[in-house]
Amino acid sequence: MADVMVMNEIDATASRLGIDQSQIDLDSIRLPPGENFGIVSDDEDVYEDDQLEFDSGFGNIIVVDNLPVVPKEKFEKLEGVIRKIYSQIGVIKDDGLWMPVDPQTHKTLGYCFIEYNTPQEAELAKEKTNGYKLDKAHIFAVNMFDDFDRFMKVPDEWAPPEFKPYTPGENLQQWLTDEKARDQFVIRAGSDTEVLWNDARHLKPEPVYKRTYWTESFVQWSPLGTYLATVHRQGAAVWGGANTFNRLMRYAHPQVKLIDFSPGEKYLVTYSSHEPSNPRDANRVVINIFDVRTGKVMRDFRGSADEFAVGGTWRCCVLACFQVIILQMNLLDLWGGGKDRYFAKLGKNMISVYETETFSLVDKKSLKVENVMDFSWSPTDPILSLYVPELGGGNQPARVSLVQIPGKEELRQKNLFSVSDCKMYWQSSGDYLAVKVDRYTKTKKSTYTGFELFRIKERGHTH
């Protein structure tokens with residue numbers, strides 16, 4: 001009905017202006033990047049003050065506390081030390097370093113404000129220097145200025161939370177009860193996104209739900225089909241229902257580029273990479289892991305792109321998610337152990353395994369594996385397979401290993417010779433592991449492909 005009303009308004013406006021709509025190709029019209037010309041997107045209410053931390057406009061300012069309290073004659077020296085530390089992280093704006101002074105004693109107050117060119121540089125400065133030990137008596141406590149703004153809004157007196165009566169929601173998997181046993185699929189064309197029934201007996205699919213300007217980049221189903229995710233400038237959102245597709249939750253992550261779900265749909269991973277203000281600086285990578293139902297950030301990973309590079313090759317995101325390649329970017333974080341119990345992050349000469357009960361490192365340390373290039377989780381058991389390439393011109397063969405988590409016990413190892421490349425594929429029930437091995441011929445001028453199969457559930461993990 002709403003679509004009909006909008007079309008009537010368009011027809012009336014075109015008639016008043018004397019415009020022949022049959023001569024207009026509406027599908028060719030695209031908004032310039034960064035402009036919306038008053039067209040409200042479904043995520044506009046994400047800007048509400050009480051929802052997101054980055055709304056106040058001071059996201060590029062940090063507050064550094066626990067600084068030395070010094071008299072006026074030592075003020076310049078202290079400012080030079082602070083500027084030297086923080087200018088290594090990002091570009092400080094002109095007059096962007098301010099240390100308040102007590103008007104009575106003319107001494108500094110023990111804290112300062114630093115304003116960077118971008119919020120990403122400010123976030124990195126907070127992460128890198130919070131807890132920095134200037135000397136035994138002065139350990140930095142660094143916070144975002146926006147945090148103080150949010151804390152000041154907390155009322156002085158406690159008030160009991162407002163009681164909201166329980167209202168049952170829609171069955172998010174009601175499509176499984178379809179009498180015709182049909183699946184649903186989604187199509188995005190131009191500004192329209194539409195969910196339809198897939199029925200092989202009919203040439204034309206039956207529509208379920210349609211929305212204009214539903215997403216700003218792409219849409220994505222969750223692995224079990226419970227949620228449909230949309231991506232916006234301010235973050236991501238998930239939708240669901242039998243036929244209404246109401247918004248269930250949103251996740252704040254400015255300029256998010258990629259998203260993915262854990263296999264059990266408990267968690268959502270979001271990824272972004274920001275261009276630095278200084279061309280000499282590395283790209284800023286931000287990865288968040290959200291609880292899908294509550295929208296809470298359970299763990300984040302931040303740093304330069306160099307910190308997320310493995311084996312000398314560019315990988316936009318080491319926090320791998322389900323070996324999905326989107327837009328030629330690798331989301332390389334893999335969840336394992338069944339029901340989203342563990343996840344892992346590939347680093348240089350190490351694999352960091354985390355458990356989702358506390359989102360901390362298993363045994364508080366990473367698994368050390370020299371020159372490890374790739375790994376893959378069993379879909380059913382806390383077992384990961386890992387790949388180490390040949391070294392020393394073939395003097396040290398490539399190898400594939402199976403490692404049990406959380407004990408990090410090596411269950412099986414297989415050496416592979418004359419290897420050009422190696423990919424690992426788990427059978428859906430975790431009974432078998434197939435290793436696709438590209439090998440060099442004797443002349444080294446060409447390659448051929450073979451497969452190594454491991455029976456995981458048999459004693460000794462036979463090959």
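## Salt bridges in this predicted model

A search of the whole structure finds 10 salt bridges, where a salt bridge is a side-chain nitrogen of Lys or Arg within 4 Å of a carboxyl oxygen of Asp or Glu. This is a predicted model, in which local features need pLDDT of at least 70 and side-chain atom pairs count only at pLDDT 80 or more, while totals for chains, interfaces and linings use all residues. Residues are numbered from 1 along each chain as its sequence is written, and side-chain values use heavy atoms, leaving out hydrogens and water.

| Pair | Closest N to O distance |
|---|---|
| Glu115 and Lys93 | 3.4 Å |
| Arg182 and Glu206 | 2.9 Å |

Let's start with Glu115 and Lys93, a salt bridge that links distant parts of the chain: Glu115 is in strand 3 (residues 111–116) and Lys93 in strand 2 (residues 92–98), 22 residues apart. Helices (H or I, at least four residues) and strands (E, at least two) are DSSP runs, numbered from the N terminus. Glu115 is partly exposed at 25% relative accessibility, and Lys93 is partly exposed at 31%. Buried means under 20% relative accessible area, exposed over 50%, and partly exposed in between (1.4 Å probe, protein chains only).

Asp147 lies in helix 4 (residues 145–152) and Lys126 in helix 3 (residues 119–129), so the pair ties together parts 21 residues apart in sequence. Asp147 counts as buried at 9% relative accessibility, whereas Lys126 is partly exposed at 27%.

Finally, Arg182 forms a salt bridge with Glu206. Salt bridges with shared partners join Asp178, Arg182 and Glu206 into one network.
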